[in-house]
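Here is a friendly briefing to read alongside the coordinates. Have the viewer open, and we will go topic by topic.

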Amino acid sequence: MSDPVNFENGQLLERFFAQSLDGFFFMMLDEPVEWSDHVSKDQVLDYVFEHQRMTKVNPAILTQFNASKAEELLGTTPAQFFAHDLPGAKARWRDFFDRGHLHTETDERRLDGTPMRIEGDYMVVYDDNGRIAGHFGIQRDVTDRHRARENLQASREQLRALAARLQKVREEERTQIAREIHDELGQALTGLKLDISWMKNRLPRDNEVMAQCLSIIERIDQTANAVRRIATSLRPSILDQLGLAAALEWQGEEFGARTGIEVVMEQSVDDEDAPIPDDLGSSAFRILQESLTNVARHAKATRVTIRFEQTPSLLKLEVSDNGVGCMTGCFEGTNSLGLLGMRERALACGGQFSISGMEGRGTTVLLRVPLGAGVAS
């Protein structure tokens with residue numbers, strides 16, 4: 001068996017440098033510089049950007065910059081590499097020199113001027129007197145990964161905008177349907193009741209049709225109540241007529257009467273006449289509805305506290321229960337689409353949504369929306 005090939009440490013390092021798939025390079029200064037609070041760092045950076053030069057590169061760096069030979073990069077300075085963004089580059093180098101090391105992603109340019117995204121790790125090289133002599137860098141081209149990430153983010157934003165638009169259209173349709181049900185069917189039922197009452201009042205008291213008229217009037221009243229209930233479930237008229245605070249209070253009272261769960265309402269409104277955008281009012285109301293639905297289905301609670309606060313700069317809605325609670329993992333996955341809907345509603349109106357809970361200590365839903373110019377309408 002032949003002996004393994006032996007290399008000196010220097011040869012190993014040289015092979016590692018040359019064969020690495022990551023770009024390796026050294027950039028050294030013509031003269032070392034002092035970097036401390038006793039010098040003008042702006043002046044030092046000006047000198048560095050003109051006098052720190054690429055002195056050693058590996059093939060991977062050449063590939064990154066589309067260079068055919070090392071001589072195209074050797075001797076180049078930061079001022080040349082970052083001509084497209086000198087202020088940003090100098091800000092990064094100031095932080096780099098302060099810390100002595102840096103991990104970052106930057107937008108750079110290849111030799112032909114095309115953009116690329118670079119992820120790199122950099123280490124300052126000091127001389128024996130503690131002055132900066134240059135630096136060593138390891139970097140990789142992550143342009144494709146960065147572009148894919150940007151495309152994914154753009155897709156998410158488009159889907160979020162679409163979801164917000166669909167929510168708005170759905171709310172508008174519910175409002176229209178609720179009004180039509182309330183007005184058209186309500187008026188029709190009222191007309192029928194008046195007609196039957198007119199007939200009843202003209203029948204002899206002992207006529208057998210009298211009982212049938214009373215029965216019809218009773219069924220009309222029941223139908224009218226169902227119409228009002230359906231219209232209210234689609235879009236409570238109180239939300240449009242009296243505003244969000246009154247609608248939240250009504251929803252809490254209705255929930256308590258329907259479920260038997262004690263509901264405590266705490267409200268603090270600085271200016272009751274301050275307008276709240278329709279989208280925000282609808283979103284906050286629906287978030288309360290979904291929160292109360294989750295309490296009724298899952299919490300096994302005996303008490304719910306609804307806290308509503310409105311100041312000139314902030315709207316805050318908090319729904320807390322004393323139920324079984326849940327760890328964070330319970331709020332994730334496909335079984336929590338209702339929570340996802342609440343979060344999307346909050347984001348659509350420019351707010352922040354959070355939900356927290358502890359086993360045996362209940363759950364808290366929190367909506368915070370800045371008011372003013374930042375609110376989406």
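**Strands, spaces and a helix**

Strand β1 (residues 23–33) runs antiparallel to strand β2 (residues 52–57), and five bridges join the two. Please keep in mind that this is a predicted model.

**Strand pairing**

- β1 also pairs with strand β5 (residues 132–141): seven bridges join them, and they run antiparallel.
- On the β2 side, methionine 28 has arginine 53 as its bridge partner.
- On the β5 side, methionine 27 stands opposite histidine 135.

**The enclosed cavity**

- There is one cavity of 30 Å³ or more in the structure.
- The largest cavity has a volume of about 210 Å³, and of the 16 residues lining it, Phe82, Trp93, Glu108, Tyr122 and His135 are the closest to its centre.
- Two or more lining residues come from each of β1, α5 (86–99), β3 (101–109) and β5.
- β3 provides the largest share of this lining, with four residues.
- By type, the cavity lining splits into 10 nonpolar, four polar and two charged residues.

**The open pocket**

- The volume of the largest pocket is about 510 Å³.
- Its lining consists of 20 residues, and those nearest the centre of the largest pocket are Arg170, Arg286, Gln289, Glu290 and Arg345.
- Helices α6, α9 (244–259), α10 and α11 (337–348) each contribute at least two residues to the lining of the largest pocket.
- The biggest contribution to that lining, seven residues, is from α11.
- Sorted by type, the pocket lining has six nonpolar, six polar and eight charged residues.

**Helix α7 and its cover**

- Helix α7 covers residues 208–234, 27 residues in total, and spans 40 Å from its first C-alpha to its last. That is close to the 39 Å expected at 1.5 Å a residue.
- Its buried residues are Met210, Cys213, Ile217, Ile220, Ala224, Val227, Ala231 and Leu234.
- What covers the buried residues of α7 includes α6 (143–201) and α10 (278–299); α6 and α10 also each supply at least two residues to the lining of the largest pocket.

**Methionine 199**

- Methionine 199 belongs to helix α6.
- Methionine 199 and valine 209 are separated by 10 residues in sequence, and their C-alpha atoms lie 9.6 Å apart in space.

- Asparagine 66 has a phi near 60°, a positive value in a residue other than glycine.
- Asparagine 66 sits in the loop between α3 (59–64) and α4 (78–81), and with a relative accessible area of 45% it is partly exposed.
- Lysine 300 is not a glycine either, yet its phi is positive, at about 55°.
- Where does lysine 300 lie? Lysine 300 is in the loop between α10 and β7 (303–310).
- Lysine 300 counts as exposed because its relative accessible area is 72%, and exposed means over 50%.

Technical notes: Residues are numbered from 1 along each chain as its sequence is written. This is a predicted model: local features need pLDDT of at least 70, side-chain atom pairs count only at pLDDT 80 or more; totals for chains, interfaces and linings use all residues. Side-chain values use heavy atoms; hydrogens and water are left out. The expected span of a helix is 1.5 Å times one less than its number of residues. Buried means under 20% relative accessible area, exposed over 50%, partly exposed in between (1.4 Å probe, protein chains only). Contact means heavy atoms within 4.5 Å. On a 1 Å grid over the protein atoms alone, a cavity is a set of points where a 1.4 Å probe fits but cannot get out, and a pocket is an open set with protein on both sides within 12 Å along at least five of seven lines; lining residues have an atom within 4 Å of a point. Grid points are joined across faces, edges and corners, and a volume is the space filled by probe spheres set on the points. Ala, Val, Leu, Ile, Met, Phe, Trp, Tyr, Cys and Pro count as nonpolar, Asp, Glu, Lys and Arg as charged, and the others, Gly among them, as polar. Two strands pair if DSSP finds at least two bridges between them.
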